[in-house]
Amino acid sequence: MTATAENRGVPLGMPQPPAASYPAEVRARLEADAAEVVARYPDSRSALLPLLHLVQSEEGYVTRTGMQFCADVLELTTAEVTAVATFYSMYRRRPSGDYQVGVCTNTLCAVLGGDAIFAALQEHLALGNGETTEDGKVTLEHIECNAACDFAPVLMINWEFFDNQTVESAKALVDQLRAGEEVVPTRGAPLCDFKRTARILAGFPDERPGAVAAGGSAGPASLAGLRLAKGESAQGAVVTPRHPEVPALSDAERPAQHPSSHDAPQQTSASDPQHPAGPTAEEGE
């Protein structure tokens with residue numbers, strides 16, 4: 001499906017009437033929350049991003065009413081608020097599902113199965129990119145890299161990691177979400193619905209049991225350079241978690257090689273002052 005301004009939630013045509021206000025009790029509650037957010041910043045304008053998450057947590061997407069609220073609180077124009085809300089993809093501009101299922105289709109995830117997963121989920125759910133199931137449970141979209149290449153292909157559900165996915169495992173995940181079954185991320189905090197996720201992103205306490213203590217980090221290949229930079233010894237060959245039956249080579253079994261031939265920077269004239277570059281040689285010299 002080709003994205004257009006209208007299906008991204010950007011109205012075209014004649015100017016619209018002013019946005020409706022929140023009900024009095026909702027506005028009073030949001031104003032108290034907003035005051036807490038604004039107080040964190042020396043310049044109130046800096047609070048716009050978390051405030052957009054706050055209003056998104058109210059209705060599940062950033063409505064015209066929500067943008068008007070942000071403009072009123074921060075003394076900005078609605079044009080300034082709209083410019084920000086339409087720039088960042090984490091702000092939804094139309095009703096969306098309880099669970100935002102994002103399939104990484106950047107290069108590494110794509111070639112390892114991300115493109116196939118996204119196509120299979122589109123067919124399985126009968127959805128286009130950015131569309132939501134009729135039951136309001138799942139919104140499907142392809143997303144940009146989430147820095148989890150060690151675990152490709154990766155799905156994000158409400159920004160929690162689901163690593164090393166396949167077409168079948170991805171289908172099972174969305175079916176479980178639609179059936180109301182518990183779904184557990186492979187790393188990080190327990191899953192919650194999108195409105196609660198938005199409130200957490202606004203900077204309010206994460207009240208999910210075990211969420212703060214939940215662990216999760218990059219994989220061994222991504223951390224190899226960090227270990228070397230700290231002066232630690234290089235790790236043996238990294239084995240993908242998708243194929244745990246393949247044993248890694250021990251240090252004795254590994255072929256002799258330059259210590260920086262894999263992850264560390266090479267000692268070249270560009271990176272090593274002790275080996276300055278000489279004159280550039282002509283081809284064949």
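Reply: We will go through confidence, the overall layout, the sheet, the aromatic rings and a few single residues.

Me: What kind of model is this, and what average pLDDT does the protein chain have?
Reply: The model is predicted. The protein chain has an average pLDDT of 80, and 76% of the residues reach at least 70.

Me: Where does pLDDT stay under 50?
Reply: One such stretch is residues 254–272, which has 21 contacts beyond four places in sequence in the model. Residues 277–285 are also below 50, and this stretch has one contact beyond near neighbours in sequence.

Me: How many helices and strands are there in the protein chain?
Reply: The protein chain has eight helices and four strands. Along the sequence the pattern reads α-α-α-α-β-α-β-β-β-α-α-α.

Me: What share of the 285 residues counts as buried?
Reply: Of the 285 residues, 35% are buried. As for contacts between residues at least 6 apart in sequence, 61% of them join residues at least 24 apart.

Me: Now the sheet. In what order do the strands lie?
Reply: Strands of a sheet pair through backbone hydrogen bonds, in either a parallel or an antiparallel sense. Here four strands make an open sheet, ordered β2-β1-β3-β4, with mixed pairing. Its edges are β2 (138–143) and β4 (160–162), each of which pairs on one side only. On average, neighbouring strands of this sheet are turned by 25 degrees against each other, direction ignored.

Me: In which sense do β3 and β4 pair?
Reply: Strand β3 (residues 155–157) pairs with β4 in the antiparallel sense, over three bridges. To find the place in the model, look for Leu155, which stands opposite Phe162 in β4.

Me: Which helix packs on the sheet?
Reply: Helix α5 (residues 107–125) does, touching β1 (99–104), β2 and β3. The direction of α5 makes about 140 degrees with that of β1.

Me: How is a pair of aromatic rings described?
Reply: By the distance of the centres and the angle of the planes. This structure holds three aromatic pairs. In one of them, the ring centres of Tyr22 and Phe69 are 5.9 Å apart and the planes are at 70 degrees, so the pair is edge-to-face. Planes over 60 degrees apart count as edge-to-face.

Me: Which parts of the chain does the pair of Tyr22 and Phe69 link?
Reply: Distant ones: Tyr22 is in the segment before α1 (24–38), while Phe69 is in helix α3 (residues 64–74), 47 residues apart. Both Tyr22 and Phe69 are buried.

Me: How far apart are the ring centres of Tyr88 and Tyr91?
Reply: They are 6.3 Å apart, and the planes are at 85 degrees, so this pair is edge-to-face. Tyr88 is partly exposed, at 39% relative accessible area, whereas Tyr91 is buried, at 6%. Together with Phe87, Tyr88 and Tyr91 form one aromatic cluster.

Me: Which arginines lie over the face of a ring?
Reply: Arg40 lies over the face of Phe204, 5.4 Å from the ring centre. Arg187 lies over the face of Phe161, and there the distance to the ring centre is 4.1 Å.

Me: For practice with a helix residue, where does Gln176 lie?
Reply: Gln176 is in helix α6 (residues 167–179). Gln176 is partly exposed, with a relative accessible area of 26%. Apart from neighbours within four places in sequence, Gln176 is in contact with Glu181, Glu182 and Val183.

Note on methods: Residues numbered from 1 in each chain as written. Predicted model: local features only at pLDDT ≥ 70, side-chain atom pairs only at ≥ 80, totals over all residues. Heavy atoms only, no water. Phe/Tyr/Trp six-rings, centres within 6.5 Å; stacked < 30°, edge-to-face > 60°. Helix = DSSP H or I, 4+ residues; strand = E, 2+ residues; numbered from the N terminus. Buried < 20%, exposed > 50% of the residue type's maximum accessible area, 1.4 Å probe, protein only. Lys NZ or Arg CZ within 6 Å of the ring centre and 35° of its normal. Pairing = 2+ DSSP bridges. Axes fitted to C-alpha atoms, helices over the stretch in contact; angles between N-to-C directions. Contact = heavy atoms within 4.5 Å. pLDDT = per-residue confidence, 0-100.
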